[in-house]
Amino acid sequence: MQIAETVNAEHGKFDHEVNVCVALGCLSQHSDQLKDALTKEAAASGKRCRVRQTGCMGLCAAGPLVLVEPSETLYGGVRAEDAKELIDSLGEQPVERLAVHRENYFERQQHIVLENSGYIDPEKIDEYIGRDGYRALVKVLTEMTPAVVIEQISASGLRGRGGGGYPTGLKWSTVAKSTGAQKYVICNADEGDPGAFMDRSVLESDPQRVIEGMAIAAYAVGATKGYIYVRAEYPLAVSRLTVSLREARRRGFLGTNICGTAFAFDIEIRLGAGAFVCGEETALIASIEGLRGQPRPRPPYPAMSGLFGSPTLINNVETFANVPPILRNGADWYSSIGADKSKGTKVFALTGRIANTGLIEVPMGMTLREIVFDIGGGVPNGGKFKAVQTGGPSGGCIPEEHLDLPVTYDALIGVGSMMGSGGMIVMDDTSCMVNVARFFVEFCMTESCGKCIPCRAGTVQMFQLLTKICDGVATHADLDLLVDLCDVIKNTSLCGLGMTAPNPVLSTLRYFKHEYLEHIEQKHCRAGVCACGSRVMAGEEVTA
Amino acid sequence: MPVYPMPPLPSDDKRWKIVNGTMRRHGYERNALIETLHTVQSSFGCLDDNAIRFVARALHVPLSQAFGVATFYNHFSMKPPGKHTCTICIGTACYIKGADRLLAAAEKLLQIKPGKTTQDGNVSLMTARCVGACGRAPVMLVDEELVGLVEPVRMLEQLESWTSHD
Ligand SMILES: Cc1cc2nc3c(=O)[nH]c(=O)nc-3n(C[C@H](O)[C@H](O)[C@H](O)COP(=O)(O)O)c2cc1C
Ligand code: SF4
Ligand code: FES
Ligand code: FES
């Protein structure tokens with residue numbers, strides 16, 4: 001493509017590219033001011049170098065981050081005062097004082113979804129095009145029929161990254177087969193799972209990739225209109241998306257006669273309004289229609305009858321982000337990565353009691369131990385690993401004995417947790433597992449939409465029982481009741497929120513029952529978190 | 001289709017024109033309700049009775065639906081915010097890093113519960129369920145600005161500066 005060549009020729013003019021992360025994490029460390037300072041110094045230095053803003057580089061906790069190309073030197077904790085020294089060092093010895101050495105962190109990863117993160121300016125479509133962006137869309141529109149596109153997606157083995165892991169190709173073919181004059185494509189960017197920020201990061205760092213993925217999907221299923229439903233808590237993502245949609249339209253990748261073909265498709269942004277349940281697909285659709293975001297029974301599935309009663313394809317941000325590389329490089333390439341029945345890579349948000357907090361992308365099938373210890377650097381400050389929580393409020397805690405588990409959709413379910421959207425929260429012995437379970441139940445309780453009784457009333461009861469246990473005033477009968485409640489809520493709730501709300505309780509009971517029993521029998525909380533037994537006085541500082 | 005008359009703007013406050021602009025952009029379709037309420041809240045700071053009634057009439061949605069929506073979503077507030085807002089993230093990553101202690105300390109200093117504003121209208125204390133900066137947990141928003149790796153002492157200093165001045 002011609003644009004790609006122009007952009008790459010542009011690159012050739014510089015000896016050094018200085019990339020400054022301006023995604024949320026680093027921006028909160030004033031990386032925008034840092035960028036200005038670097039730009040000024042670069043101009044003054046007379047060197048052939050260029051400073052540009054980019055998306056997240058993954059190691060957010062070490063921010064603000066600066067990546068120098070082509071030497072691939074990574075700097076962390078850079079201040080505006082360091083700008084001169086940094087620019088002066090280009091072509092010389094790197095500034096050792098600021099260099100980040102986390103080889104394991106980066107070497108063990110494989111970037112597909114994040115391939116451009118940290119390397120392009122998210123607000124410049126040309127930079128995306130310069131890295132093979134929109135090549136897949138052009139190829140699809142000019143060389144492939146919708147059926148062939150769907151075949152490729154099916155053959156790639158891609159499964160939904162929004163939590164459920166439904167085969168993407170199958171979903172696309174259902175929507176393609178549905179009849180209706182108007183069809184819709186929706187990108188689920190609600191990312192309600194607390195502790196997860198993969199989708200935000202992709203939208204802030206490489207928004208065009210999601211737009212391209214949606215356009216390909218629309219062509220494949222026969223849709224002409226798309227929506228991106230983003231949470232209002234992500235204003236930066238919203239503003240980058242707004243810019244990107246405009247740029248994509250200007251370049252003819254959205255609108256009518258896309259890439260000179262008869263295909264027409266456009267995308268609108270819709271803002272969420274802070275309800276976790278709106279991530280559930282039928283609730284999300286209701287919300288776009290301007291209604292309260294309450295789920296409805298399925299079937300009919302959105303693929304048959306979704307937005308405004310029309311067939312609707314709904315996929316997660318990361319799912320769409322995987323689409324362009326699959327079509328660019330072929331289904332075989334993609335399916336050769338990852339594990340059996342869990343193909344490709346997965347982006348995880350590694351947080352909690354772990355040395356390298358941040359965003360990682362690894363091939364599926366990598367073990368939890370490799371992720372937590374090799375990439376994550378293990379538990380800092382001499383703490384002892386206790387569990388890793390995956391799958392958010394729908395997931396569970398996985399203890400040390402299962403650390404060698406390969407991370408796949410099915411293996412995680414096998415140990416009572418799930419992949420979810422990709423939050424991984426590491427806990428050490430400063431966390432009380434009963435308290436953690438209570439935390440998630442409280443979350444589900446306050447986020448329950450209230451439509452059905454098992455979830456609305458059941459989560460309140462679970463919360464009260466867990467509070468009793470934490471306070472050291474519960475009996476064995478309370479514990480039995482809690483277990484029964486879990487069973488009822490799981491089996492009788494209408495939507496996924498209620499159905500999975502007991503999971504954190506069930507999984508902590510499975511692996512950490514002794515902690516529950518200690519609270520009940522000895523009024524003792526070994527982590528010193530709960531209000532029972534050996535507790536430090538309320539309000540007093542508990543050692544971090 | 002009967003043609004509904006557009007209700008008059010509630011006042012000549014310029015902000016109503018912005019609200020009207022959002023509705024116009026969506027062709028006064030009913031499904032623009034949430035988008036419009038977003039615009040009202042960002043222009044006026046909160047939603048009030050008057051505003052909800054106006055929007056409902058302009059978009060021809062039943063009042064029950066408009067109020068239902070306004071109260072269902074956490075993002076919408078029916079009370080005016082304080083001069084300053086401190087929002088503490090209590091998502092999982094922040095919780096594991098001690099957000100509960102931050103919150104307790106803030107409640108104690110301000111003598112209010114989350115979701116409330118101090119008597120003098122100076123400070124609103126809010127909580128959020130993950131603002132997406134989990135890599136820098138614990139996180140708070142000082143007015144609109146995000147602060148990561150929050151230390152209790154620094155948070156308290158910030159809150160004190162708001163309560164003592166302006
Ligand atoms: C309570 C609840 C919350 C959900 N939140 C999200 C979310 O924030 N983002 C998301 O992509 N999917 C979420 N989902 C899953 C969606 O309903 C849907 O399965 C998904 O968007 C489909 O996309 P995928 O096939 O690409 O995964 C949620 C489901 C439930 C039950
Ligand atoms: S399970 Fe909970 S969130 Fe889902 S519909 Fe029922 S009440 Fe609403
Ligand atoms: S936000 Fe800058 S590295 Fe993640
Ligand atoms: S949990 Fe606090 S920012 Fe995500």
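This is a predicted model: local features need pLDDT of at least 70, side-chain atom pairs count only at pLDDT 80 or more; totals for chains, interfaces and linings use all residues.
**Aromatic rings**

Let's start with the rings: across all chains, the structure has 16 aromatic pairs. Take A:Tyr128 and A:Tyr134, whose ring centres are 5.4 Å apart; with their planes at 85 degrees, the pair is edge-to-face because that angle is over 60 degrees. Both A:Tyr128 and A:Tyr134 are buried. Together with A:Phe253, these two tyrosines make up one aromatic cluster.

Another pair joins A:Phe439 and A:Phe440, with ring centres 5.4 Å apart and planes at 80 degrees, so this one is edge-to-face as well. Is A:Phe439 buried or exposed? Its relative accessibility is 6%, so A:Phe439 counts as buried. A:Phe440 comes in at 0% relative accessibility and therefore counts as buried too.

**Charges over rings**

**Around ligand 2**

Now for the ligand: where does ligand 2 sit? The space it takes up is the largest cavity. How many residues surround ligand 2? There are 13, and the closest are A:Cys449, A:Lys451, A:Cys452, A:Cys455 and A:Cys495. Sorted by class, the shell around ligand 2 contains 8 nonpolar residues, 4 polar ones and 1 charged one.

Notes: Residues are numbered from 1 along each chain as its sequence is written. Chains are lettered from A and ligands numbered from 1 in the order in which they are written. Side-chain values use heavy atoms; hydrogens and water are left out. Rings of Phe, Tyr and Trp (its six-membered ring) pair if their centres lie within 6.5 Å; planes under 30 degrees apart count as stacked, over 60 as edge-to-face and the rest as tilted. Buried means under 20% relative accessible area, exposed over 50%, partly exposed in between (1.4 Å probe, protein chains only). A residue is near a molecule or strand if one of its heavy atoms lies within 4 Å of it. On a 1 Å grid over the protein atoms alone, a cavity is a set of points where a 1.4 Å probe fits but cannot get out, and a pocket is an open set with protein on both sides within 12 Å along at least five of seven lines; lining residues have an atom within 4 Å of a point. A molecule sits in a cavity or pocket if more than half of its atoms lie within 2 Å of its grid points. Ala, Val, Leu, Ile, Met, Phe, Trp, Tyr, Cys and Pro count as nonpolar, Asp, Glu, Lys and Arg as charged, and the others, Gly among them, as polar.
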